[in-house]
Amino acid sequence: MLSTNQVPHLQTALKGPLLELEKHLLDHHVAIESWFRKQFKNTPAPFYASVDLRNAGYKLAPVDTNLFPAGFNNLHPDLRSLAVHAAQSAITQICPIADGVLIIPESHTRNMYYLENLYTLQTLIENAGYEVHIGSLIPGLDAPLLVSLPSGNVLTLKPLVRQGNRVGVNDFFPCAVLLNNDLSGGRPEILENIEQTLLPPMDLGWSNRFKNQHFNHYSDVTAAFAQLIGIQQWLINPTSVACGPINFKENTGLELLSNTVKQVLETTINDYKTHNISCKPFVIVKSDSGTYGMAIMSVDSSDEILNLNRKQRNKMSSVKEGLHVEQMLVQEGVYTYETIEGAVAEPVVYMIGSQVIGGFYRVHTGKTATDNLNSPGMHFEPLSFEQACALPDETQTPDATPNRFYAYGVIARLALLAAAREIATAKGDLPSLDAI
């Protein structure tokens, strides 16, 4: 297991730009924290989120933001107090009269990793002082289902019912309903038009949400942030272009996709020349909606798209719940040059409300620095942000553990702010970044 007093080895000669960025964040720590406070006051953060980061040494950027995080069981035990405090604060802000929380999970019964996550999430909120029950959408469930977990704990899933405009279990119908279900299978009718506070709103599920919209907001956020502290936006912002319609099974739209890949590669080549980066450019092609690391591939030539075989096209044609892929996101590839015992790794940062509560490294022994690590064979190494994410240590070097983790926390919160602005847009109430 990774020691909590060190960060993974950054296996690249291109450390200079990252060190300069980390030093810049340290030098502007007060201004950064003030800016975040103002932004989240004006655009409240979602209840929770996780952000996948990639650290190339010359660039530190998010590649995915999940509004229904499912890895709370992977957080370091030392982080429990941070998460409990953050949950108390977030629930109080969203629903001040709440004395209980109803969690609506994915309908998994065999995915023990997910169910351990669910048990941990329930326990965190209970420790924050709330009664918590889990209302399941499993078809045909008409009685409590007890699931024995590998940890030795027992998780209880209860049938979700609706009474009037409220949902609950038994006689438990709290004002706060927490979705831990990304709605890849669509919007459950039982949740439509309820009067309770639904976190996040269903409009942010994968049946409605698109990644390109998130990264458009992220681009706006990082433009304002870069101007605030005087850095080049490129250091923290991956080029992202939506492309569609695409039908991999029918082999249509692939020429359009190939041209978009070529466009992003050419942009990346020019950026590398500008910043004296000697790495080979690549792009990530992924479904514009959906999760679980499905329908995603890494390419370094537009010809690869035109030469996909039937097996590759079938793999790219659908995501979780069989959701059909119709639009792709073509994104500048960001190398991950952090390694743990020789295996490539990428940090995943967890937040509740606007507070970073910790994170872990996703590690994969069978992948390279250009691959998607969210795939079978990955494992997780917990890391502790207990005194790091919001408390950089200016007496140490920019690359020291608390300062590297602080940099992770800053970039993750930029993505969190982009997600908050997605929610504001869905509500028709998007404030200007310049107006604060």
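E195 is exposed, because its relative accessible area of 53% is over the 50% cut-off. The model is a predicted one, so please read each point below as a computed feature of that prediction. E195 takes part in a salt bridge with R166, and a search of the whole structure finds 13 salt bridges.

**The E195–R166 pair**

- The side chains of E195 and R166 come together with an N to O distance of 3.0 Å.
- E195 sits in the loop between β10 (176-180) and β11 (197-199), whereas R166 belongs to strand β9 (residues 166-168), so the contact ties together parts that are 29 residues apart in sequence.
- R166 is partly exposed because its relative accessible area is 25%, a value between the 20% and 50% cut-offs.

**The R413–E33 pair**

- R413 and E33 form a salt bridge whose closest N and O atoms are 2.9 Å apart.
- Is R413 buried or exposed? With a relative accessibility of 6%, R413 counts as buried.
- E33 is buried too, because its relative accessible area is 13% and the cut-off for buried is under 20%.

- A salt bridge joins the side chains of R362 and D52, at 3.2 Å from N to O.
- R362 lies in strand β18 (residues 355-364) and D52 in strand β2 (residues 48-55), so their contact ties together parts of the chain that are 310 residues apart in sequence.
- Both R362 and D52 are buried.
- Which residues make up the network of salt bridges that includes R362? The linked residues are D52, R54, E346 and R362.
- As a general point, side chains of opposite charge can pair when their charged atoms come close.

**Strands β13 and β14**

- Strand β13 (residues 283-287) pairs with β14 in the antiparallel sense, over four bridges.
- V285 has M297 of β14 as its bridge partner.
- Which residues of β14 lie on its covered face? In this strand (residues 296-299), M297 and V299 are on the covered face, while I296 and S298 are on the uncovered one.

Key: Residues are numbered from 1 along each chain as its sequence is written. This is a predicted model: local features need pLDDT of at least 70, side-chain atom pairs count only at pLDDT 80 or more; totals for chains, interfaces and linings use all residues. Side-chain values use heavy atoms; hydrogens and water are left out. Buried means under 20% relative accessible area, exposed over 50%, partly exposed in between (1.4 Å probe, protein chains only). Helices (H or I, at least four residues) and strands (E, at least two) are DSSP runs, numbered from the N terminus. Two strands pair if DSSP finds at least two bridges between them. A salt bridge is a side-chain nitrogen of Lys or Arg within 4 Å of a carboxyl oxygen of Asp or Glu.
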